[in-house]
Every structure is written in structure tokens, then in C-alpha cells.
Amino acid sequence: MTRFVESTITFPYKRSLGPLVGAFMTALTERRILGVRHGDQVLVPPMEWDPATGAELAHDLVEVGPAGTVESWTWVPSPSAQHPLRHAFAFALIRLDGATTPLLHAVDAGSPSSLDVGTRVAPRWRGSRVGRIDDIVCFVPGEAPEVEGEDAGPAEEPVTRMDYLASITYTNPVPPATDRAVAATLERRLVGLGCPHCGRVYAGGRGHCPIDAVELGPDCEVELPQTGTVTNFSIVTPVQYPGQTETEPFVRAFVLLDGTDVVLPYSPVVDLPADQVRVGQRVEAVWAASADEGEQGGMGGAWGALAGWRPTGEPDVDDPDLVNRIF
Ligand SMILES: [Zn+2]
């Protein structure tokens, strides 16, 4: 039974909204929906430029809706965490009254049988609105807008910026060899996998020899040395984005293990200031008390209770080819 781990990458940023989208978002806090006139058309949401020609439009805003007509829809039977509703719903193209273009939004219709092209829908507003498209929780069948919870009223200031948190969650299988390697670190051992065909030794990876395309099982496990030489390193100067816990520059080093071809990439260093790391420096493994305190994988592998590498004090290795050893 393969074990999976779930990982989430988030990327927060702010964007300025500009004169039309800013006005659109501000109006949402007032429970109003704005479009922009373009000849005899009304575009919703409003745009600064003609989508067909790129020509700048006059900023001639006009209120539309709030009710509208479903032009097209698709049912979402199993919403993900990033969908606007927790239960089954529809994404629909809704042409609001007075608009000539449809707005994409969610419709809480209960079941697909209660939706059709031509169904009339109206917004369900969030009680507390901040100037985002999801100030409209969703649309609901009928002509009458709703408010969810207590109405906290419009924004006090015009909305000019939007905070956005791009986020991707994905799952990866954990190779059994990785679990065994992490378990070995609890015994202060580093284990790798030796290929019986080509003799290459691997640490991390998916438990295969990529040259011979053979699976490397527990019988291929080999003990790895706990001393090595720095072949490359990066000094990372942390940017204080949300979630960053590092405040000072720190090092990720590549360590070539003695007597092997194994390079452990992106390893932390211990008792070694960032400005004193050198290619050729001799290092030894440092162990944490538990896997939780060790390095949590990062790029290239899970190192369990391996906390990092500290200088042994031996003379540096003088070999110009060391820098070519990245993997
Ligand atoms: Zn091989």
C-alpha cells in the first residue's frame, strides 16, 4: 500500500486594481454590480480596453442586474477546497439584466435538475464584504438578492488593491525506500541503494536505478559514510514573505560522501556561519534527537533525523573537479 503525502505551495501577492476594476470591487461592497458602456454594449465585469481591438474605452460605468439569466452552466458534483461552495453547485455564465456579456459565477441550485439555460438567478451577497468577486457568495434561483448573515455595510474607503493567495495542493507517493532511509536516520545511519547491475549507489530518489530501469528493494540497501566534502553551496537570503520562518542568511550545501558517488543536495550546515562555507570543506553528519527536529526533506529527499553537516576541521580537499559534482 503506497503512502502519499500532501503538499501545499502558496504564493501570496497584492495587485492594484486600476480605475475600473477598483470601482467594480468598491461597488460590490455596496451590493451593486457595475459594467462599462462600449458603444451599444455593456461589458461586465468592466474593462479598461476593448477586448476585440485593445482600444481604450471611456470609463462610462453603469449599474447592471442584480438579477440575470443563465446562458450556460456546468455542474460541479464534488467541490474541491478551492471551489466557492462546500457542496455541489454549478458554474454558470450569467447575463445580468442590462449587460451584453455574461459574468462567470457560481450558482447554488441544489441539483442540476433545477437549472436550465434561461433560469433566472440573483446574487447571494456576503454579509461582510471587502471588495472581491466572492463578495457575491454565489447566485441563487429567483429574482430576489439575498444577504448571508448580518449586513456589515459597504467598505469605508474605495477598494484599490486586492490581496491574492495563489495556492496549489498536490499529493505525491512516498517510495518505500524513502521511509526505510528516514527510519535508518533514527538509528543515526545513512542508507542508500546500490544497483546490482551498474554498481551505482543512490540516496533519495524513487527506489529505482534510472540507468538500468530496475527497482532497488531492501536487499539493495547499503550503508553510507557519514563524512564528506562540500562540492557546491548556496547562501539563501530570506525574503520575509508570509510563512517564511528564517530571518538570517542560511546555507544549503551539496555534500559528496566519502568513497562514493553519492551527493546529498541542498543540505543544511551546522556550526558553520554562511560566510565561512567553502567548496572542498570537510564535513560530518550531525544528528537531531528525532525526525521531527531534522531537516524535513526540502528539495531532493527526506533526511529524517539528519540535522545537517558541520566542519570536521580537516584540511580542505583541493580538487577543481569538485564543483562539477552537483548530483
Ligand atoms: Zn544501475
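1. The buried residues of α1 are L20, G22, F24, M25, T26, A27, L28 and T29. Helices (H or I, at least four residues) and strands (E, at least two) are DSSP runs, numbered from the N terminus.

2. Some notes on the basis of the values belong here: residues are numbered from 1 along each chain as its sequence is written, and side-chain values use heavy atoms, with hydrogens and water left out. As the model is predicted, local features need pLDDT of at least 70 and side-chain atom pairs count only at pLDDT 80 or more, while totals for chains, interfaces and linings use all residues.

3. Helix α1 covers residues 18-29, twelve residues, and spans 17 Å from its first C-alpha to its last, close to the expected 16 Å, the expected span being 1.5 Å times one less than the number of residues. After α1 comes R31, which has a positive phi, near 60 degrees.

4. The zinc ion is coordinated by C195 (SG), C198 (SG), C209 (SG) and D212 (OD) at 1.9 to 2.2 Å, donors being N, O and S atoms within 2.8 Å of the metal (3.2 Å for Na, K and Ca), with water not among the atoms, so sites may look incomplete. The angles among the four donor atoms run from 104 to 113 degrees, and the site is tetrahedral, a label given to four donors if all angles lie between 85 and 135 degrees. Along the chain, the donors follow the spacing C-x2-C-x10-C-x2-D. Distant parts of the chain are linked by the pair C195, in the loop between β12 (190-194) and β13 (201-202), and C209, in strand β14 (residues 208-209), which are 14 residues apart. Both C195 and C209 are buried.

5. The domain assignment gives domain 1 (3-167) and domain 2 (175-324), with bounds that come from an automatic or database assignment. The centres of the two domains, taken over C-alpha atoms, are separated by 49 Å.

6. Four aromatic pairs are found in a search of the whole structure, rings of Phe, Tyr and Trp (its six-membered ring) being paired if their centres lie within 6.5 Å, with planes under 30 degrees apart counted as stacked, over 60 as edge-to-face and the rest as tilted. One of the pairs, F11 and Y13, is tilted, with 5.7 Å centre to centre and 40 degrees between the planes. F11, Y13 and Y164 form one aromatic cluster.

Key. Buried < 20%, exposed > 50% of the residue type's maximum accessible area, 1.4 Å probe, protein only. Tetrahedral: all angles 85-135°; square planar, octahedral: opposite > 155°, others 65-115°.
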